Amino acid sequence: MQFNRRDFLKGLSLTGAACAAGGCASGRLFDCTNGSPMHGFAAPKIPHIRLGVVGMGSRGCGVVGRVCNLPGVTVVAVCDNVPEKIAKAQKILSDRKKPKAKEYLGDEAWKALVNDPNIDVVYNTTPWVLHVPVALGAMRGGKHVFTEVPSAFTVDQCWELIETSEKTQRHCMQLENCCYGETEMLTFNLAKLGMLGELVHAEGAYIHDLRHMCETEWPGCECWRFGENRDNGGNRYPTHGLVPLCLTFDINRGDRLDYLVSLDSNQVNFKAYMDANLKPDNPRRLSKVKMADMNSTLIKTYNGRSMLVQHDVSSPRPYSRIQLVTGTKGAVCDYPFRIGFEAKSGAGLHKWFDEAKTKEIREKYKHPLHRTIGELAKRVGGHGGMDFIMDARWVYCLQQGLPLDMDVYDLATTCCLCELTERSADHRARSIDIPDFTRGAWRTNAPLGIVDIDLTKFGLKDENVKKAAGQISV
């Protein structure tokens, strides 16, 4: 039988009590002198953040535009392998009367950027294959790193990010913007206030017709996103639907993901699209796409709750992240938004509230963070404003010396599904254990509370916030 690192680590998880008794709050044997746990970690305050952005595509240029609105942040470096993209970022800075950023140009120019001593934070918006190398390089170069989704694709990559973050004592946070969506934060607020009762089940998804990427090319590169779908099965993009639900369910903070089963449908929509839209001599028409039209993954948590996470980027259907949370008192669901509570225990819920009642609840229980900067965020743009709220929040935390809302363990717990769902789906939906990346600390880690931003400390002023160039909506 093949014996690998993951099997070894799983066996070591049984020794958690002995390890903790030895002074290490871990369920996995490792040298405690080489690092410290990152849950609840607060770095020394950085009053003025010097930001380096790697990858100047639509996401990277969007970052440059957004952070121009944030006090105490300067984009000091931009990196890409296409000169025109760097020029676009510089124009955004110039239009906002910001200093010109240092330029890093070339396929491996990021290696110099992450070691630049004049950078505090690296913002990683590269193609997926560079997410892990850039994040590791940034932490080893002494920088905190914020990395786009998915931030890792294998269990081993997840462990390497964790161990590097612990050893360097640098934040490694996944840029899961959907956690800051209005519906997701409303649901989190309702759950924390007990309005949904005891939580039982949740559903999330990434359903987004991206077949046009079969035809898309960018200067200097092929469409890497299509290549990811061509070569991989399972759920290759699990975090948009899953991470907000994990925060609401206190995953890694009182509960954890235990095991999953994953099922792939057949794949017909990519081929149908290519046959209808690509020229006969286009080599992509010969591509065999492994990514199923629909992947459905069921997850059981240690405390007995269930989750359904779906992925579909090839079916002709409207965009949806679903975002259903049900409890013993009621339920919330999006796309379209619906909500309902029992009038009294045991009365049942047989239809959603009407439009007027739904609107009343949305306003009454709006998350404080959305109440504070939600309207400013909509003005800036970027997925309805949630990108700006996400950036404002991590900037505020670093400037105030506070723990971040999400940590490297949250990254690992959700990104490992890229590998595990494919393994399960490739083997007739076999049950697969999900590693405990917290090494047992999930039992005592404090849950995320209702966070906000103190505008008097932050210095964010209405008159200084403007619509940002380069934002995307979906």
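Let's start with the largest pocket, where helix α9 gives the most to the lining, with three residues. One caution before I go on: this is a predicted model.

The lining runs to 44 residues. Nearest the centre of the pocket you will find Ser58, Arg59, Thr125, Thr126 and Trp224. Now the elements. Helix α9 spans 224-231. Along with α9, helix α3 (58-67) and strand β2 (73-80) each supply at least two residues of the lining. By class, the pocket lining has 23 nonpolar, 13 polar and eight charged residues.

How many cavities of 30 Å³ or more does the structure hold? Three. The largest cavity has about 120 Å³ of space in it. It is lined by 13 residues, and the closest to its centre are Cys179, Met185, Phe188, Leu247 and Leu448. Two helices to look for here are α8 and α10, the latter at 239-248. Each of them supplies at least two residues of the cavity lining. Sorted by class, that lining comes out as eight nonpolar, three polar and two charged residues.

Stay with α8. Helix α8 covers residues 182-192, and it packs with helix α13, residues 368-380. The angle is about 175 degrees, and the axes are 11 Å apart. With that angle, α8 is therefore roughly antiparallel to α13, since anything over 145 degrees counts as such. Which residues meet? From α8, Glu182, Met185 and Asn189. From α13, Pro368, Leu369, His370 and Lys378. By class, this contact has three nonpolar, two polar and two charged residues. Note Met185: this residue is in the contact with α13, and Met185 is also among the residues closest to the centre of the largest cavity.

Last topic, the aromatics. The count comes to 13 aromatic pairs. I'll show one of them, Trp159 with Phe437. Centre to centre, the rings are 4.9 Å apart, with 55 degrees between the planes. That pair is classed as tilted. Where do the two residues sit in the chain? Trp159 is in helix α7, residues 155-168. Phe437 is in the loop between β14 (432-433) and α17 (455-458). The two are 278 residues apart, so to speak a link between distant parts of the chain.

Definitions and conventions: Residues are numbered from 1 along each chain as its sequence is written. This is a predicted model: local features need pLDDT of at least 70, side-chain atom pairs count only at pLDDT 80 or more; totals for chains, interfaces and linings use all residues. Side-chain values use heavy atoms; hydrogens and water are left out. Axes are lines fitted to C-alpha atoms, for helices over the stretch in contact, and angles run from 0 to 180 degrees between N-to-C directions. Helices (H or I, at least four residues) and strands (E, at least two) are DSSP runs, numbered from the N terminus. Angles under 35 degrees count as roughly parallel, over 145 as roughly antiparallel, 65 to 115 as roughly perpendicular and the rest as oblique. Contact means heavy atoms within 4.5 Å. Ala, Val, Leu, Ile, Met, Phe, Trp, Tyr, Cys and Pro count as nonpolar, Asp, Glu, Lys and Arg as charged, and the others, Gly among them, as polar. On a 1 Å grid over the protein atoms alone, a cavity is a set of points where a 1.4 Å probe fits but cannot get out, and a pocket is an open set with protein on both sides within 12 Å along at least five of seven lines; lining residues have an atom within 4 Å of a point. Grid points are joined across faces, edges and corners, and a volume is the space filled by probe spheres set on the points. Rings of Phe, Tyr and Trp (its six-membered ring) pair if their centres lie within 6.5 Å; planes under 30 degrees apart count as stacked, over 60 as edge-to-face and the rest as tilted.
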